[in-house]
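Have the chain open beside you as you read.

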Amino acid sequence: MEKLTTHTPDYLGIPSSVWPLLGGAPHAGEGVVIGMIDTGIDPNHPSFDDKGQRPKQGGPNGGFNGTCETGRGFPRGVCGGKIAAARYFARGAIANGDFNASRDYATPVMVNGFNYGYASGMAPGAQLAIYKALYSFGGHMSDVVAAIDQAIEDGVHILNLSFGPGVVPTGPSAFLNVLDIQLLLAVKSGVLVVQAVGNEGPSPTSVLSFSPWIVSVAASDTDRKYNNSIELGNGQFLPGSGLAPPTSGAAHLQIAAAGDLCRQNDSVMLMENCMRAEPFVRSLARGKIIVCSYIEMEYITTIVSVVAETMRTVGAAGFILTLDYDLNPSARFVEVLQREHRKGQRRDRDALRGDREDPRRPPRHIHRAKPGRGILLVSGPRREQRHPPTADVLKPTLTAPGSYIWAAWSPESESDSFNKGQHFALLSGTSMAAPHVAGVAALIKQRNPHWTPAMVTSALSTTARGPEILADRGNSLGPAGPFDCGAGFISPARALDPGLVLDARFEDYLRFLCAVPGVDGESVMRAVGTGCAGQTGLPADLNMPSVVVSNLVRSVRVMRRLTNVGGEREMYNVTVREPRGVSVRVAPQVLVIEKDGAEHLRISIRAESAINEFVFGEIMLKGDRGHVVRVPLAIYVTSTLGD
């Protein structure tokens, strides 16, 4: 297994439009327990302080029976408030010899003197149950499965997974792997599962969370920017992002590209990324601001920590990080930002590195450099796509804030030397986005304790919005599609009152598994204990809040069942934005659904042109009481001919 917030509640409109409906911030999420399977927490961290108001045990959702395990760094008495329970799982790691008791001690564990704001989660009244199954080296599937099994037995209501498998299963049995089947059993028990989709896009089939019973979360930028700039000797300012304070005084510091300070017998990538000190000529690097390039979009703090250590070793005064499109033109992100931002990054990088072509010219000078922390040019997480290609499942499910997130950090953590000793770390990625969704789901679950996981998923998905989201298309930005951000950007206030939901139960997921091409009944029987006798249909028949047809030959008909949870009878007008080259007919075009009633929507999809790529559209249902329900369409036309 691989490991993969402050301002975001305000950014999502939660304090003003959601918390008041749930009795105020201290009570928002009350009675809901979110299970966190991860690397553990520091129980004394201020993020887990209940502010003297102990959350109610067994509120409207009740039934939680977790326990606390004590040990080094996790004494008796820390549970019962924000932390409802905590356990660790390491038998697999110990058996494999990966567990180091002096480093990965078996307890549930948890800037720079500057105030970066006030932190809050999405559901302050919700409790956390901590299941430590990952360590500095990663984790073992057996330990993760044991943690999930314990969380189900304890009675958590929501399970957050900010990690994914190191290797994604391939072929028709992908959905039958041990992790996804264990998560299906969690959903069968009524547990909503939220999982990060990973950070390995934008190539197809790059998501790590692909099963339809899981809420798979992509990451997007927010409106938070830590703007910073450097001033060149000619008075020109180059904007960027950074957390370092300005350099005191008026002394100019020399700036030079990393490649110009290295021995030329090393690879260009090794010289320019500053990840190792060996290529540098110390006498040339000493006292300078060094421009380093990065191309791999792993956690930016990890990159910074390695580069910072290199700079200390070679005696540099500071460093600047730039994204190098020339070395990796496919390094793309999902973003909520202005189209001109990326163009500016390229222009600024070229200005900083302009002297490389002629090393005889004197290096540029800058007035206010930022030694110590450097400048981080982070635009946002990557574009994600679905997996596998023939299962008619839209992934990711939706997107949530995942860039520049202040995460609670254990000072004793060994996973990032740069953040060693810190209580907070500024992180980016889908691992930061998933807990946002888990927190919002807790608010929905508090208000609707009897909703199934699929109903909560539907509320999150059909109310998500996306017109303002942009995805990187290489050298420019363009509107994001369903494979970039799923149904769109999370909208908590709308999700709390979605109007209509699409429900699915274990039996529906079983029919889905039996309909996946290449999956046989015997494999399903071994995985879940129930076979496929008498099961017919298509994967696209699953009652999901999206419609995906990955192999359309001429035409297909699917159906969606919508349940009125709006509290009153409502009439919905149905409109369709057809995908290019595809005809979509929906009946009825007007739905009148009684309170707590349900109606079927019949969807006929016909191929008009074999485009041989995915095309996108949507079905929109607008109610006369203000509810708007949006169902994305993703169609791949293989042929217009058929029976």
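How far apart are the sulfur atoms of Cys 514 and Cys 532? They sit 1.9 Å apart and form a disulfide, a term for a pair of cysteine sulfur atoms within 2.5 Å.

| Pair | S-S distance | Angle about the S-S bond |
|---|---|---|
| Cys 274 and Cys 292 | 2.0 Å | -90° |
| Cys 514 and Cys 532 | 1.9 Å | -85° |

A word on the basis: this is a predicted model, in which local features need pLDDT of at least 70 and side-chain atom pairs count only at pLDDT 80 or more, while totals for chains, interfaces and linings use all residues. Residues are numbered from 1 along each chain as its sequence is written, and side-chain values use heavy atoms, leaving out hydrogens and water.

The link of Cys 514 and Cys 532 is left-handed. This pair joins distant parts of the chain, 18 residues apart: Cys 514 lies in helix α14 (residues 506–515), and Cys 532 in the loop between α15 (521–528) and β24 (547–553). Helices (H or I, at least four residues) and strands (E, at least two) are DSSP runs, numbered from the N terminus. Both cysteines, Cys 514 and Cys 532, are buried, meaning under 20% relative accessible area with a 1.4 Å probe and protein chains only.

The link of Cys 274 and Cys 292 is left-handed. It connects distant parts of the chain, with Cys 274 in the loop between α6 (268–273) and α7 (282–285) and Cys 292 in strand β14 (residues 289–294). Cys 274 and Cys 292 are buried.

Cys 262 is buried, at a relative accessible area of 6%, and Cys 485 is buried at 3%.

Conventions
Buried < 20%, exposed > 50% of the residue type's maximum accessible area, 1.4 Å probe, protein only.
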